[in-house]
Amino acid sequence: MNPSLRPLLKRLPQLLLVLGALAVMFRTENFLTAPTLTSILTQASIVGVLAIGQAFVLVGGGFDLSQGSMMALTAAVAGLLAQRGCPSAAVATLVLALGAVLGSVNGLMVAAVRTNPFVTTLSTLLIYRGAAFIALDGQPISNIRAFQAIDTGVNVGGTYLLLRGVLFLGLTVAAWLILRQTVFGQHVYALGGNAEAARLAGVRTSRLKVATFVLSGMAAGLATIFFLSWVRVAKPDTASGYELDSIAACVVGGVSLQGGRGSILGAAAGCLLLQALRTQITMSGSPEEYRTFITGLVILVFAAADALARRNERD
């Protein structure tokens, strides 16, 4: 491999992301309009929040398949609390706290018991989903108005944008700063790059692993708040498959499944690109089945690009 091409290959996922975004924007007439773009941002905000939490876990060398089930269980608890007249602020606090607890269970199993992250979170995916069915007795709770304030619109530069879209942007910047500009963030990169080397360098790797899963759980709790502000219904099958969407957004955004590489901005951009792709498919009148097929194809291409870039770095 020509050494001059290595920097280009290293950035191949990001280049594909930019090319993909440009292709989507110019593929459909009237796509580049303020209403369409703000709609994409709002619709991407729920999975986008999940992707931010997932990015911390992936960069740290972990994997979290239980995010969608954590959303289902926290939504069930939120619905039950709201049904009994619990104040909205208290419901939101408890949802975030429960998300942190569920994430810590994943983290402790991986860090203390040393179970495989994939197997651990696959197991808790089933446990948390089952717990949601038990909590709700299989029945939905509708008309949840605890978080309706987040579903209100704000005027940004003359463009109407729902508050959860604005919050998603703010959270993206805050999380990017934490991962890029703090000692904690640098330790997460070291953990994902080489856990043993990080441990020998004095990084408390076990505690750090738990922290990344706790952040993923809190992200699931916040995504639940966004979700309920939108649909206002808690069901046992809430957010089924969302964990795969968050992983897909991270992969498309250049976050490596092998750990130690990626950024929050990339994960957020990946989420927006996937949502733009889905919107483009809808606007073009293509059958819904194309959406799943093309999304899977895009993920495969980006995962292959990341593997190719890593292989050429080693060579």
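# Notebook: charged pairs, helices and a buried serine

**Entry on Arg-199 and Glu-196.** I looked up Arg-199 and noted that it counts as partly exposed because its relative accessibility is 45%. The side chains of Arg-199 and Glu-196 meet in a salt bridge, with 2.7 Å from N to O. By salt bridge I mean a side-chain nitrogen of Lys or Arg within 4 Å of a carboxyl oxygen of Asp or Glu. Arg-199 and Glu-196 both lie in helix 9 (residues 195-200), where they are 3 residues apart, about one turn of the helix. Helices (H or I, at least four residues) and strands (E, at least two) are DSSP runs, numbered from the N terminus.

**Entry on the model.** I recorded that this is a predicted model, in which local features need pLDDT of at least 70 and side-chain atom pairs count only at pLDDT 80 or more, while totals for chains, interfaces and linings use all residues. Residues are numbered from 1 along each chain as its sequence is written, and side-chain values use heavy atoms, with hydrogens and water left out.

**Entry on the other salt bridges.** How many salt bridges does the rule give? I noted a count of 4 salt bridges. In one of them, the side chains of Arg-164 and Asp-151 meet at 2.8 Å, N to O. Arg-164 lies in helix 7 (residues 163-181) and Asp-151 in the loop between helix 6 (117-136) and strand 1 (153-156), so the pair ties together parts that are 13 residues apart in sequence. Is Arg-164 buried or exposed? At 3% relative accessibility, Arg-164 counts as buried. Asp-151, by contrast, counts as partly exposed at 21%.

I then turned to Arg-278 and Asp-245, whose side chains meet in a salt bridge of 3.3 Å, N to O. This pair links distant parts of the chain, since Arg-278 is in helix 12 and Asp-245 in helix 11, 33 residues apart. Arg-278 counts as buried, at 10% relative accessibility, whereas Asp-245 counts as partly exposed, at 22%. I also noted that salt bridges that share partners join Asp-151, Arg-164 and Arg-232 into one network.

**Entry on the surroundings of Asp-245.** I asked which residues Asp-245 touches, not counting residues up to four places away in sequence. They are Val-47 and Arg-278; contact means heavy atoms within 4.5 Å. The C-alpha atoms of Asp-245 and Cys-271 are separated by 8.1 Å, although these residues are 26 apart along the chain.

**Entry on cysteines.** I looked for disulfides, that is, pairs of cysteine sulfur atoms within 2.5 Å, and the count comes to 0. Cys-250 is in no disulfide, and the nearest cysteine sulfur, that of Cys-271, is 8.9 Å away. Cys-250 counts as buried at 0% relative accessibility. Cys-86 is partly exposed, with a relative accessible area of 23%.

**Entry on Ser-256.** Where is Ser-256? I found it in the loop between helix 11 (242-252) and helix 12 (264-283). At 0% relative accessibility, Ser-256 counts as buried. Leaving out residues up to four places away in sequence, Ser-256 touches Leu-58, Arg-261, Asp-306 and Arg-310.

**Entry on Asp-137.** I located Asp-137 in the loop between helix 6 and strand 1. It counts as exposed, with 65% relative accessibility. Its C-alpha atom is separated by 8.6 Å from that of Pro-236, a residue 99 places away along the chain.

**Entry on the annotated regions.** Residues 89-113 are 92% helix and 0% strand, and their end C-alpha atoms are 35 Å apart. Residues 161-179 are 89% helix and 11% strand, with end C-alpha atoms 27 Å apart.

**Entry on a surface patch.** I noted that Val-101, Val-105, Met-109 and Val-113 form a nonpolar patch on the surface, with about 310 Å² of accessible area together. Val-113 is placed in the loop between helix 5 (88-111) and helix 6. Patches are made of residues with over 30% relative accessible area and no salt bridge; like charges are joined within 9 Å, and nonpolar side chains (Val, Leu, Ile, Met, Phe, Trp, Tyr) within 5 Å. Accessible areas come from the Shrake-Rupley method with a 1.4 Å probe, and for residues only the protein chains shown count as cover.

Technical notes:
Buried < 20%, exposed > 50% of the residue type's maximum accessible area, 1.4 Å probe, protein only.
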